[in-house]
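Biologist: I'd like to learn how to read a model like this one. Could you walk me through it?

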Amino acid sequence: MPELPEVETVKNGLTKYLSNKTILAVDYDWDKSFPNSKGYVDNYLIEAKILKLRRRGKALIIDLDSGYSLLIHLKMTGQLVYKGKDQKFGAGHPNDSLVGSLPDKSTRVTIKLSDDNQNISTLFFNDQRKFGWMRLVPTIEVENINFMKKLGPEPLEPTTTSKVFKQRLLRRKNSGIKAVLLDQTVIAGIGNIYADECLWMSKIHPETRTGSLSDAAMNKLFVHIKQVFTTSINSGGSTDKNYVNADGQKGSYLKFAKVFRREGQPCERCGSEIIKIKVAGRGTHICPKCQRLKK
Ligand SMILES: [Zn+2]
């Protein structure tokens, strides 16, 4: 699943192709991908101009001049493919749909766009497993819908200080730290890859009870989350499942990964073999020597 850096990469990439385009037509074949489409599409999507793209957690927000915003969550297998006259850009999980002709059987929503010179282009929302969604919401209500309200603070926002971060973590002080990091209501945007990376960097075992972490350990963890996200955004997201960014370039973060998908290889810090265990139901990569579980 795309995490914060991947969605940020999608947002940055698509911004230059979608900004100022007008939506001409919308097709969808799967109601659950677009639950409130009836009525809303004609009134607030058709003929609307795209003003800007934003991200909150792992969700993409497209603000329209109709006063509504189109929210998109790619979930497990979602994919956005933009096709212009001479341009094609895919973002999300690439399978054949990214390179093949569209729409295909994974296409859930097709949005036809026009620029000011009447050049036609298309944005396809493909989603094989159908967990992703699009939703139209009044722009002023975006922050108030349930999904957004429940989301924790953005780790890269200046208002999210280490004090805020620690307070959020300690809401679940009896849970293991990895489960807490994955909880989007505690802090937004962290998924499996980056949780493993940050915990390795901070020398914290993923099953450590959050309430037993020292102040210094939580501070260090927070610094590492920001560092790992920034590095990943700068390198175009991770390559998990051949994730590609909006320009069709594969992200390169996994080249920098220290533990994720590196089981059997030596830890860069101490030379011990990285192992894969299961924590919070997820495949988890650790150095058993650097990340000892302190009881
Ligand atoms: Zn180590």
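Modeller: Cys267, Cys270, Cys287 and Cys290 coordinate the zinc ion through their SG atoms, at 2.2 to 2.4 Å. Donors here are N, O and S atoms within 2.8 Å of the metal (3.2 Å for Na, K and Ca); water is not among the atoms, so sites may look incomplete. This is a predicted model: local features need pLDDT of at least 70, side-chain atom pairs count only at pLDDT 80 or more, and totals for chains, interfaces and linings use all residues. Residues are numbered from 1 along each chain as its sequence is written, and side-chain values use heavy atoms, leaving out hydrogens and water.

Biologist: What is the geometry of the site of the zinc ion?

Modeller: Ideal angles for four tetrahedral donors are 109.5 degrees. Here the angles among the four donor atoms are 100 to 113°, and the site is tetrahedral (four donors, all angles between 85 and 135 degrees).

Biologist: How are the donor residues spaced in sequence?

Modeller: The spacing is C-x2-C-x16-C-x2-C.

Biologist: Is Glu154 buried or exposed?

Modeller: Buried means under 20% relative accessible area, exposed over 50%, partly exposed in between (1.4 Å probe, protein chains only). Glu154 has a relative accessible area of 8%, so it is buried. Cys267 and Cys287 are both buried too.

Biologist: Which residues does Glu154 touch?

Modeller: Contact means heavy atoms within 4.5 Å. Not counting residues up to four places away in sequence, Glu154 touches Leu4, Arg55, Arg56, Gly57, Thr160 and Ala188.

Note on methods: Four donors count as tetrahedral if all angles lie between 85 and 135 degrees; four count as square planar and six as octahedral if opposite donors are over 155 degrees apart and all others between 65 and 115; anything else is irregular.
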